[in-house]
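Good morning. Please bring up the model and keep it in view.

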Amino acid sequence: MVTDSDHLRNQRVVFYSDDIEQIDVVLAEFLELSGCKCNLLIDKEGHMVTSGGDTNSIDEQTVAALVAGSYAATREMAKLLGEDEFSVLFHQGKRDSIQLSMVGNRTIMATVFDDQTTVGMVRLYARAACEKLDAIFEEIRNRPQKKASLDAEFGSSAKGALDFFFTE
Amino acid sequence: MVQINFALKEVNCKIVYYGPGLSGKTTNLEVVHKKAPDTSVGDLTSIATEGDRTLFFDFLPLNLGQVAGMKTKFQIYTVPGQVYYNSTRKLVLQGADGVVFVADSKRGKMNENIESLKNLEENLKEHGLDIANTPIILQYNKRDLPDVYSVEEMEEALNAWDAPHFEAVARDGKGVFPTLKRLAGMVLESLNENHAPRRSPSVVAPKASADSSGGSTTATAVATSRTGTMRTQRTASVTGSVARTRASVSTQAPTVRTTSSGARPVLVTSPRRRKRRSSMVVGIVLTSIVAATVLLHLAGIIRILP
């Protein structure tokens, strides 16, 4: 069962521009050092947080959903084997490969790379990047939470959008 | 759990189609994929067995367009309905903001419906959610079959908490859009209630209360064993830079404004009135000083002139 403290910890679902700027700096540094093509930061529900590098050829939303599903399934396998989780997953392809690294307890960094770099380099720099990202998330989690404020017209605008979209 | 990303100006919501095996969850998604404009939906991705039964989930990204300056997106999933796949079903349900329960109306299927609904309740509970407080719609599917339960029988057996319900023939596309529209409205309504200033009117919401928060799963059952295949239908870009023809809906939306009964009155003072009040205060202070000086002079304590 999920405890109240787990619940509170898992409430971080609002990302502000300042936070994303900090995160993007870490991702850009990681891409440069490791020589990877791109990376995607995905929350465990499968929503994109941010991305870096060349993602033009990737359907980010679908990749995010599949990464989250893959990671969730692997975590269950880990539990069955008596592990808390497998913190790094690696899928090797003929041309491109992908590494999934857990950042904190609710975010996944998916890194796509080809033969311009090596698995060792990716793994080395990914670990450092994940530590930095985890520190940023920890800071976000620990600061007083301000309430995210949507536009006052959100309700009426949403109603109009739904009426418009779902006309048969 | 709804994700609000102010950096990307995006709102992301997760909707899950739940229900017993072969009740029509994937068909619902196929209809949405087919009927929605190409610019608003992405690929329909299915992780299915070779016999086209859902193995892990089907996934369809749907882009509602700009809502008050935020790109509003729904990630729509189905779960595998078969009892055997409960652990994967639980994983897909994680972080759901709203659920469509697709029930099979065919006579003889009620026990399967009830079992699946109970399973939904248990799995939501494991994620820290109460089914009564989660946006949920019941869809009574396959209404075109000759031998079906009446809607009253379905309501009696399944709808203990008076959730909205819709009749559907998903195979023919009937009832699919109304179901999704209502649920999307309930999800956005709960978001509006939690994150927008009070004056904004409601979205749809006859029954909109949501404690949509996720949590870690504690599934222990063994999952898949059958051969899986992944199929992707029709390609239509949905991400980032797509120019949306529906992007202007926010300007077409009704501009009704309501004031919440809970809003506190605020004392408003005009600049002119504030200036007049300041002048009066300065005048009173100066007069007091002059009067005090004259009195002190008369009393002989100080001398104004040498």
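Which side chains meet in a salt bridge at 3.0 Å, N to O? Those of A:Asp96 and A:Lys37. By salt bridge I mean a side-chain nitrogen of Lys or Arg within 4 Å of a carboxyl oxygen of Asp or Glu.

Some housekeeping. This is a predicted model, where local features need pLDDT of at least 70 and side-chain atom pairs count only at pLDDT 80 or more, while totals for chains, interfaces and linings use all residues. Residues are numbered from 1 along each chain as its sequence is written, chains are lettered from A and ligands numbered from 1 in the order written, and side-chain values use heavy atoms, leaving out hydrogens and water.

Over all chains, the search finds 17 salt bridges. Back to A:Asp96 and A:Lys37, which sit 59 residues apart. A:Asp96 is in the loop between β4 and β5 of chain A, and A:Lys37 is in the loop between α2 and β2. Helices (H or I, at least four residues) and strands (E, at least two) are DSSP runs, numbered from the N terminus.

Next, A:Glu76 and A:Lys79, with closest N and O atoms 3.9 Å apart. Both lie in helix α3 of chain A, three residues apart, about one turn of the helix. A:Glu76 is buried at 7% relative accessible area; A:Lys79, at 33%, is partly exposed. Buried means under 20%, exposed over 50%, partly exposed in between (1.4 Å probe, protein chains only).

Last, chain B: B:Lys90 forms a salt bridge with B:Glu126 at 3.7 Å. B:Lys90 lies in helix α2 and B:Glu126 in helix α3, so the pair ties together parts 36 residues apart in sequence.
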